[in-house]
Amino acid sequence: MANAASGMAVNDECKLKFLELKSKRNYRFITYKIENQQVTLDKIGGPDQTYEDFTNSLPADECRYAVFDFDFTTDENCQKSKIFFIAWSPDTSKVRMKMVYASSKDRFKRELDGIQVELQATDPSEMSFDIIKSRAI
């Protein structure tokens, strides 16, 4: 179902995999890309994958949407988890691609119920592990 504002449809598989990440925790991360006016699955990382595996899975010159299930321990020694939505839009990607991803982001994010933290990154330094950790706590 395309959205009139962005003209972008969201593949049902995108929502189903996100629900599995959220409820069953059987994925560490999911990346999504826009192809043929539709948001589709790109890559899925298993529960044993690390944050470094996730960042390495993002292309250096193409935009992506991603969700990452971040596990951490609080100062009170409690195990917690936060689901991050990351809009990856590297400076080296094409201007048209950046515009399409930017105009479709909010519509796509609304499809994924349960996002706790949003992050926009144009460079790997803007989504370093330390930044993720500081945003989670």
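Helix H3 keeps part of its surface hidden: its buried residues are Val100, Tyr101, Ser104, Lys105, Arg107 and Phe108. Here, buried means under 20% relative accessible area, exposed means over 50%, and partly exposed lies in between (1.4 Å probe, protein chains only). Helices (H or I, at least four residues) and strands (E, at least two) are DSSP runs, numbered from the N terminus. Before we go on, note that this is a predicted model, in which local features need pLDDT of at least 70 and side-chain atom pairs count only at pLDDT 80 or more, while totals for chains, interfaces and linings use all residues. Residues are numbered from 1 along each chain as its sequence is written, and side-chain values use heavy atoms, with hydrogens and water left out.

How far apart are the end C-alpha atoms of H3? Helix H3 covers residues 95-111, which makes 17 residues, and at 1.5 Å a residue these should span 24 Å; the end C-alpha atoms are 25 Å apart, which agrees. The expected span is 1.5 Å times one less than the number of residues. H3 also bends by about 45° at Lys105, where the bend is the angle between axes fitted to the seven residues ending there and the seven starting there. Lys105 is also one of the buried residues of this helix.

Now let us turn to the sheet. It is an open sheet of six strands in the order E1-E3-E2-E4-E5-E6, with mixed pairing. Strand E1 (9-10) and strand E6 (117-121) stand at the edges with a single partner strand each, so one side of each has no neighbour in the sheet. Two strands count as paired if DSSP finds at least two bridges between them.

We can walk across the sheet from E1. Two bridges join E1 to E3, and these strands run parallel; Val10 has Val39 in E3 as its bridge partner. E3 is in turn joined to E2 by seven bridges, in the antiparallel sense, and here Glu35 stands opposite Gln38 in E3. The hairpin of E2 and E3 has two residues between the strands, and in it Asn36 takes a positive phi near 50°.

Asn36, which is not a glycine, has a positive phi of about 50°, and is exposed, with a relative accessible area of 78%. Arg25 is another residue to look at: its phi is near 55°, a positive value in a residue other than glycine. You will find Arg25 in the loop between helix H1 (12-23) and E2, and it is partly exposed, with a relative accessible area of 37%.

Back in the sheet, strand E2 (residues 29-35) is joined to E4 by four bridges, and the two run antiparallel. Phe29 has Phe68 in E4 as its bridge partner. E5 then pairs with E6 in the parallel sense over five bridges, with Glu118 in E6 as the bridge partner of Phe85.

In a regular strand the side chains alternate between the two faces of the sheet. E6 has a covered face, Val117, Leu119 and Ala121, and an uncovered one, Glu118 and Gln120.

Our last stop is the largest pocket, with a volume of about 160 Å³. The lining includes Tyr51, Trp88 and Phe129, and its residues divide into seven nonpolar, two polar and no charged.

Notes
On a 1 Å grid over the protein atoms alone, a cavity is a set of points where a 1.4 Å probe fits but cannot get out, and a pocket is an open set with protein on both sides within 12 Å along at least five of seven lines; lining residues have an atom within 4 Å of a point. Grid points are joined across faces, edges and corners, and a volume is the space filled by probe spheres set on the points. Ala, Val, Leu, Ile, Met, Phe, Trp, Tyr, Cys and Pro count as nonpolar, Asp, Glu, Lys and Arg as charged, and the others, Gly among them, as polar.
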